[in-house]
Amino acid sequence: MPDSTKRLVIASVWAVVLLGLPLWWKTTAVYRAQLPFSQIDSWAERKACQLSFPSTFVIHLASIADGEPQAHNRPLDFAVIQETITSNVNNRLSSTNARECVEFPLHVNIQNWPITSDMSNLLRHTEPSNSKQVISKYDIFIAPQLPAPTTSKLAHVQLGDDRSIVVTLREWTTSDIEEASSAVIAAIVKGERERVRSIACDSELTERSNLDGARTMKFSPTYQMTFSLMNGNPDSLQVDWDIEAAVNTYLKPFISEVSLVSNFTVDSQIQHYADLAVTPQFMEREKLPSYYYLTPQTLPHFINSAEWNLASTISSYPTINFILYIPAADKTPLRIHDDKGESVLCERQPLRSNAFLIPRWGGIAIKNPPKTASGKLEFSKEDLKPFMEIFVAQLRGLIGIHDLKKTMSSLESSYEISLAPTPQTAVTVIEMDAVVKQRIAENVVNSIATLKSLAQLVMDIPNMVVLDHIRTEVQLSLDSLNQACQALQQEDYLKALQHSIHAIERSEKAFFDPTMVSMLYFPDEHKYAIYMPLFVPVSVPLIMAVIKQLKEYKKEKREQKIKAE
Amino acid sequence: MRLPTFLRRLFLFLSSLALLAFLTPAANADGPKDAEVVQEFFSNGSGHTNNWAVLVCTSRFWFNYRHIANTLSMYRTVKRLGIPDSNIILMLGDDVACNPRNKFPATVFNNAARLLDLYGENVEVDYRGYEVTVENFIRMLTGRVAADTPRSKRLLSDDRSNILVYMTGHGGNEFLKFQDAEEISAFDLADAFRQMWEKRRYNEMLFMIDTCQANTMYSKIMSPNILATGSSELGESSYSVTKPILQHHPDWDIGVAVIDSYTYYNLEFLENIDMSSTKSLKDLFDSYDAEKIKSTPGIRSDLFRRPLDQVRVTDFFGSVQRVELTPTRYNLTAAENASSESYLLEK
């Protein structure tokens, strides 16, 4: 074979190899859609958008129209009062270590409020400036106590059920007005600011010791509520309950109020032969009926998980369990001792409500059947009312509602506080506002963390497939985060809540996508072991041929040189 | 000198007033007070509110009876100490109870005396037989299960869950064999744990492994809050069936070894524990005796932030939940127009 043909053949084989190499590299590369890493990073460092939770307070200062003592008609300088109130509140609430991760802008407007001197039922005269009931926008109506002071404290503060607060002052002076307004505003805003700040800014370690966070269920768009009636021993007493009617009558309004944030599905069951795993002790008392009791230390073992089947396969939503326990006849009456410490008579008192709560799980109430009960014990809707009240109190704690009475308790030394009761819905709008803000903060922080983990994961595992729909979900999640942040800045909390829920749902959908399982670990030795038996035997003759050709070429060149000389 | 009558009466009156003042319960038993009450019940600082257990037996075939028995013994222990079935994921690679070679059908024993049937009436196996694969295991741990996976096969832990992961089977240097067909490497496991940490799917984890050369399996873990313990060091193993070293003892009627030494001695300690025990993990680890177990158990605690003598055994093996007493109820009135249509109620 002539040399040139030989070289052509070898060259063509090598051309195929060299062309094929990048083709093989490209076709065996794992498909990875490009994720917006820089955007995710900027969100993780909180540079993308500043989280702010603004509040607006519109203060209506009374001016009494009909001829009244001059004292009450002194013209008031609204601008100065507004300035003073804002700076007072900020002074009271500024934290010692000012962290910039969350802002709490405060808007205070003062308006004139013309009223007559008839002070009866001031709440009726009040017209909230936001008839559509915007979250986090409150009206404070300030008026003097006429005709005579009604309280010895500085003022009487009435919190209504529709974000309106009526403050009647004992003395109608500018400083009193400023003092009362700042105190009320600070009290309302303080608790929620602290909680939002701790959710958004706190490091992990401080968050661990936060009892509120340990009790509140993690956010979920839907929760499953299970009511269980546990009968200790049906041999002595059979039980039944009209739980459907009780839930409809007593819980439905609460659920519909809270559905702003999360929905609830409700189901119920009755279980028989529900033995206790702990043995109650017997308390013998003279002159008073004796009873069996459980100490608070034994309560963590109350739930007999091995025997009681509380699991639900209905859905994958987080479950909140409420148990109504009827003790067996040989263990009635069964009470829970409280832990008020040793009293003078060295006796602990049984807890009146006979109920306790397990954080992030649910609540239990113990009902002792009446001594005269025998055969079948039926709980009607009215019989279940006290237990619904207990369960509602526990449910409020489990979904993060902070008691308004507690929030305002800091004012009680100087002001007389009265709250409009909400016995139907079991939650006030001010409490719901705080929950909305907390959940928005929780969702935003968690979706940022999820997206960051996703980005970290994708970068760390170069072999993992990242499909297009993952990128779409990530993009949608980032968009929702953006919109949530903007809605917050515009004080539109409802929209912000919706967007924050979308953000967390989409980021979790992307993170937990079934295709995100990385291929099993392949060390480099395995790769060599696979490719070497294929390519080494083939490459030996190729390389030898090239070397041989090069040697011949050099020989020829030398011969030609010698020939030329 | 006797006090005049009226002074005596005055004294009695005042002292009874004082007594009454002591006895009157506080009017507002509200949040912060509950918090103080809670601190007493739960002060060892782990911060967990629920417990999960993932118990995996990776072996198949009749002669690996002891691996199934190991896993079922741990299952019985965690159930006895309070973890509910809904929080236990039990993966058994084979069904030895109904194996045709089982002389005592529908039973699994972990002791030659056959005193305790582990395969009782209350066993819930989540992944069985061929479903126990590396892919399913990793998907379950990281949460990336298919959308139609039932709830009992999902690990629904959150950032306040303490998880016990127990694995047993045949293993080697940084790998664990699944079903005689595939293997999981220490890197895969460390990766899965890292992803769990990224998504905060656990608060603290106890990783326990009983195989040959088990301690190599946890050498690659890098995520925080993981405590690992294994049954044997690198190089300690035995493949001889006639003279088993890791196997504890055989049952001559059943014909195969029924339990492994490491698990056997763990159970000896755990059987003396009940739900309210305050024994710590340090006590458990101190009870390991390399001569009795016939291999060197290892403990890796560098990633774990709490000192071992403050960690209770029930923090991982049991389910001790904090409680808060509910002193007050919320006054409700009936809703007007409570219609008879149920609100999303399911029967």
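The model is a predicted one, in which local features need pLDDT of at least 70, side-chain atom pairs count only at pLDDT 80 or more, and totals for chains, interfaces and linings use all residues. Residues are numbered from 1 along each chain as its sequence is written, chains are lettered from A and ligands numbered from 1 in the order in which they are written, and side-chain values use heavy atoms, with hydrogens and water left out.

**Stop 1: chain A as a whole**

Display chain A as a cartoon. Its secondary structure comprises 14 helices and 18 strands; these are DSSP runs numbered from the N terminus, helices being H or I with at least four residues and strands being E with at least two. Along the principal axes, the C-alpha atoms of chain A fill a box of roughly 130 × 75 × 45 Å. The radius of gyration of chain A is 36 Å, whereas a compact globule of 565 residues would have one near 24 Å. That radius is taken over C-alpha atoms, and the globule rule is 2.2 Å times the number of residues to the power 0.38.

Of the 565 residues of chain A, 47% count as buried. Buried means under 20% relative accessible area, exposed means over 50%, and partly exposed lies in between (1.4 Å probe, protein chains only). Among contacts in chain A with a separation of 6 or more, 81% are between residues 24 or more positions apart; a contact means heavy atoms within 4.5 Å.

**Stop 2: the disulfides**

Select the cysteines next. How many disulfides does a search of the whole structure find over all chains? The search finds two.

Begin with A:Cys49 and A:Cys485, whose sulfur atoms are 1.9 Å apart in a disulfide. This pair links distant parts of the chain, 436 residues apart: A:Cys49 is in the loop between helix 2 (37-44) and strand 1 (51-52) of chain A, and A:Cys485 is in helix 12 (residues 468-489) of chain A. The link of A:Cys49 and A:Cys485 is left-handed, with -90° about the S-S bond. Both A:Cys49 and A:Cys485 are buried.

Move to A:Cys101 and A:Cys201, which form a disulfide with sulfur atoms 1.6 Å apart. A:Cys101 lies in the loop between helix 3 (78-93) and strand 3 (102-103) of chain A, and A:Cys201 lies in helix 5 (residues 174-201) of chain A, so the pair ties together parts 100 residues apart in sequence. The link of A:Cys101 and A:Cys201 is right-handed, with 100° about the S-S bond. Both A:Cys101 and A:Cys201 are buried.

When bonded cysteines are counted along the chain, the disulfides of chain A follow the pattern 1-4, 2-3. By contrast, B:Cys57 is in no disulfide, and its nearest cysteine sulfur, that of B:Cys212, is 14 Å away.

**Stop 3: backbone features of chain A**

Most residues other than glycine have a negative phi, and most peptide bonds are trans. Select A:Thr332 and A:Pro333, which are joined by a cis peptide bond with omega about -15°. A:Pro333 lies in the loop between strand 13 (319-326) and strand 14 (334-336) of chain A.

Then select A:Arg163, a residue other than glycine whose phi is positive, near 65°. A:Arg163 is in the loop between strand 6 and strand 7 (164-169) of chain A. Is A:Arg163 buried or exposed? A:Arg163 counts as buried because its relative accessibility is 6%.

**Stop 4: chain B**

Now display chain B, with eight helices and 14 strands. Of its 347 residues, 56% count as buried.

Select B:Gln195 in helix 5 (residues 186-198) of chain B. B:Gln195 is buried, with a relative accessible area of 6%. Which residues is B:Gln195 in contact with, leaving aside its neighbours within four places in sequence? They are A:Leu457, A:Ile461, A:Phe511, B:Thr142 and B:Arg144.

Finish at B:Asp180, in the loop between strand 6 (175-178) and strand 7 (182-185) of chain B. Phi of B:Asp180 is positive, near 65°. With a relative accessible area of 48%, B:Asp180 is partly exposed.

Notes: A disulfide is a pair of cysteine sulfur atoms within 2.5 Å.
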